[in-house]
Amino acid sequence: FWLDPVRMQAAAKAVEAALAQADPAHADDYAANLDTLNATLTDLNTSYSTGLGHCERTTFVTSHAAFGYLADRYGLTQASISGVDPESEPSPAELAEVKKIVESTGTTTIFTEELVSPTTAQAIAAETGAGTDVLSPLESKPESGDYTDAMTTNLDRLKVALACQ
């Protein structure tokens, strides 16, 4: 859910409420921090909505199905090589299906991620003429920056891969 800024706002509100109840002496601080975070997440949502609003393609291919909430929020379709479990090996039929999706949608980029071997994604890319790039599922601390920086990098990479205007 954390790849969807709108869902993150709902989660942040619940966390703020729990912290304010557990530590009423600092409730005003939690409320102020929530306001700041909400403004950041609203800006991020606007950037995604605008940035992904007019794209040549709407399907993106990932090494595993970590981007469903993001895809749903912005009207995209995610196709994944290994399903929800990034460590599972896809069957030959699943690989053939992904290749078919890459070819039928004009996919130019297959996304890998930091914590999973890119070998299968690179093989499919080589067989279909697509390239590869990294899309962070934010399952670990970003290599540099923070959540907003990683989400902005993801947006930039999706815009290129989907040929967005």
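This is a predicted model: local features need pLDDT of at least 70, side-chain atom pairs count only at pLDDT 80 or more; totals for chains, interfaces and linings use all residues.
Helix α2 covers residues 27–51, a run of 25 residues. From its first C-alpha to its last, α2 reaches 36 Å, close to the 36 Å expected at 1.5 Å a residue. Its buried residues are L34, L41, L44, N45, Y48 and G51. An α-helix has 3.6 residues a turn, so residues three or four places apart point the same way.

Two packed helices are described by the angle between their axes and the distance between the axes. For α1 and α2, the axes come within 10 Å and cross at roughly 180°. Angles over 145 degrees count as roughly antiparallel, and α1 and α2 are therefore roughly antiparallel to each other. On the α1 side, the contact is formed by P5, V6, M8, Q9, A12, K13, E16, L19 and A20. These residues meet A27, Y30, A31, L34, L37, N38, L41, T42, L44 and N45 in α2. By class, the residues of this contact of α1 with α2 divide into 13 nonpolar, 4 polar and 2 charged.

The packing of α2 with α6 has another geometry: the angle is about 5°, and the axes are 10 Å apart. Helices α2 and α6 are therefore roughly parallel to each other. Here α2 contributes T40, L41, L44, S47, Y48 and G51, which meet Y147, T148, M151, T152, N154, L155, L158 and K159 in α6. The residues of the contact of α2 with α6 divide into 7 nonpolar, 6 polar and 1 charged. Residues L41 and L44 of α2 are among those that meet α6, and L41 and L44 are also listed in the contact with α1. Both L41 and L44 are buried.

Attention now turns to strand β1, which spans residues 59–62 and includes T59. At 14% relative accessibility, T59 counts as buried, because the term applies under 20% relative accessible area. Leaving aside neighbours within four places in sequence, T59 is in contact with T77, I101, T105, T107 and L162.

The structure also holds 3 aromatic pairs. One of them joins F60 and F67 in an edge-to-face arrangement, with 6.3 Å centre to centre and 75° between the planes. Both partners are buried: F60 has a relative accessible area of 1%, and F67 has a relative accessible area of 2%.

Technical notes: Residues are numbered from 1 along each chain as its sequence is written. Side-chain values use heavy atoms; hydrogens and water are left out. Rings of Phe, Tyr and Trp (its six-membered ring) pair if their centres lie within 6.5 Å; planes under 30 degrees apart count as stacked, over 60 as edge-to-face and the rest as tilted. Buried means under 20% relative accessible area, exposed over 50%, partly exposed in between (1.4 Å probe, protein chains only). Helices (H or I, at least four residues) and strands (E, at least two) are DSSP runs, numbered from the N terminus. Contact means heavy atoms within 4.5 Å. The expected span of a helix is 1.5 Å times one less than its number of residues. Axes are lines fitted to C-alpha atoms, for helices over the stretch in contact, and angles run from 0 to 180 degrees between N-to-C directions. Angles under 35 degrees count as roughly parallel, over 145 as roughly antiparallel, 65 to 115 as roughly perpendicular and the rest as oblique. Ala, Val, Leu, Ile, Met, Phe, Trp, Tyr, Cys and Pro count as nonpolar, Asp, Glu, Lys and Arg as charged, and the others, Gly among them, as polar.
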